[in-house]
Amino acid sequence: MKNAELQIGCQTFTWEMLGTGWSGGPDDLVRAIADGGYAGIEITDTMIGHYASKPADFARTLTDAGLALVSFAFGSASGFTMAEKIASDLDTARRWVDFAANFPGAMVSMGSATVVSDGPLDEKFAIAAECYNRASEIGQSAGVAVAVHPSSHHNTLLFTRNDYNRLFALLDPGVGWVPDTGHILRGGQQIGDTLAAHRDRIRYVHLKDVDAGGTWAMLGEGVCDVPAVISAVRDAPNFIGWIVVEEESDHAGTDPAAAVRANRETLRRLGF
């Protein structure tokens, strides 16, 4: 996959984070992302709406809009760290793997391991690793790659570089990683160092920005060195070619469509 052709996609969390402040549906997301100048979309279980059981219909909608499905992302109330919920989480993984299998090259992204119950952290890491590993096996049987997306949100198990090292040491080689520049920076990590340390796991990247204090910022208005990140991931041996822009700033909360358009223009000015 080295030197895969670079393509720019957009994540739907920019709308999802609005909660009840967003009343649209998946067709509105597809339209806004296509109009924003993107080539692909990463959508979540929360935002897929009526297409959840209709992958063929969603495929036609994306084709009509000129978009590809980069990845299908999902999380769990278990945080993927509760042993009694592994079977249920794997059933969910199987459902979305089967969905993604209808889209050539599409992946499945699993959310960050999160602490939602009592118990030692060693146990939480072990449970999360088991869940990710077994989900990846499900994906492999269907020809769909599965990756982990760490976050810096409340109670995440994957905040610091040591946290990343700890989990990745327990993961099978086939389990991918979706590095998120904003979450890496909020965890006090050096992006270049973290990307280099686990470069073999990189499949695609979530690109977003934060200011020096860790507050979300529009792309190019914070401390993320965007060209350096893109250069680093392009050299990763299993990178599939997608840079997926995600926006969580207050500005995006007032007008998501305008925010994602502005971020695409920022990338164009940077030569991407």
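Asp 122 is exposed, with a relative accessible area of 55%, and in this predicted model its side chain meets that of Arg 166 in a salt bridge, with N and O 2.0 Å apart. A search of the whole structure finds 10 salt bridges, and this briefing describes some of them, together with a buried acidic residue, Asp 163, that has no salt bridge.

**A salt bridge between two helices**

- The side chains of Arg 166 and Asp 122 form a salt bridge at 2.0 Å, taken from N to O.
- Arg 166 lies in helix α6 (residues 161-168) and Asp 122 in helix α5 (residues 121-142), so this pair ties together parts of the structure that are 44 residues apart in sequence.
- Asp 122 is exposed at 55% relative accessible area, whereas Arg 166 is partly exposed, with a value of 33%.

**Salt bridges within a helix**

- Asp 91 forms a salt bridge with Arg 94, and the closest N and O atoms of the two are 3.2 Å apart.
- Because Asp 91 and Arg 94 are three residues apart in helix α4 (residues 86-100), about one helical turn separates them.
- Arg 94 is partly exposed, its relative accessible area being 36%.
- In helix α11 (residues 256-269), Arg 268 and Glu 265 are likewise placed three residues apart, about one turn of the helix, and their side chains meet in a salt bridge with an N to O distance of 2.8 Å.
- Both partners of this pair are partly exposed, since Arg 268 has a relative accessible area of 39% and Glu 265 has a relative accessibility of 38%.

- Although Asp 163 is buried, it has no salt bridge, and the nearest side chain of opposite charge, that of Arg 166, is 5.3 Å away, which means that the pair falls outside the 4 Å limit for a salt bridge.
- A polar atom of the Asp 163 side chain does lie 2.9 Å from the backbone nitrogen of Thr 160.
- Leaving aside residues up to four places away in sequence, Asp 163 touches Phe 125, Leu 157 and Leu 158.

Conventions: Residues numbered from 1 in each chain as written. Predicted model: local features only at pLDDT ≥ 70, side-chain atom pairs only at ≥ 80, totals over all residues. Heavy atoms only, no water. Helix = DSSP H or I, 4+ residues; strand = E, 2+ residues; numbered from the N terminus. Buried < 20%, exposed > 50% of the residue type's maximum accessible area, 1.4 Å probe, protein only. Lys, Arg positive; Asp, Glu negative; His and termini not counted. Polar contact = N/O pair within 3.5 Å; in protein donor to acceptor, adjacent residues only side chain to side chain. Contact = heavy atoms within 4.5 Å.
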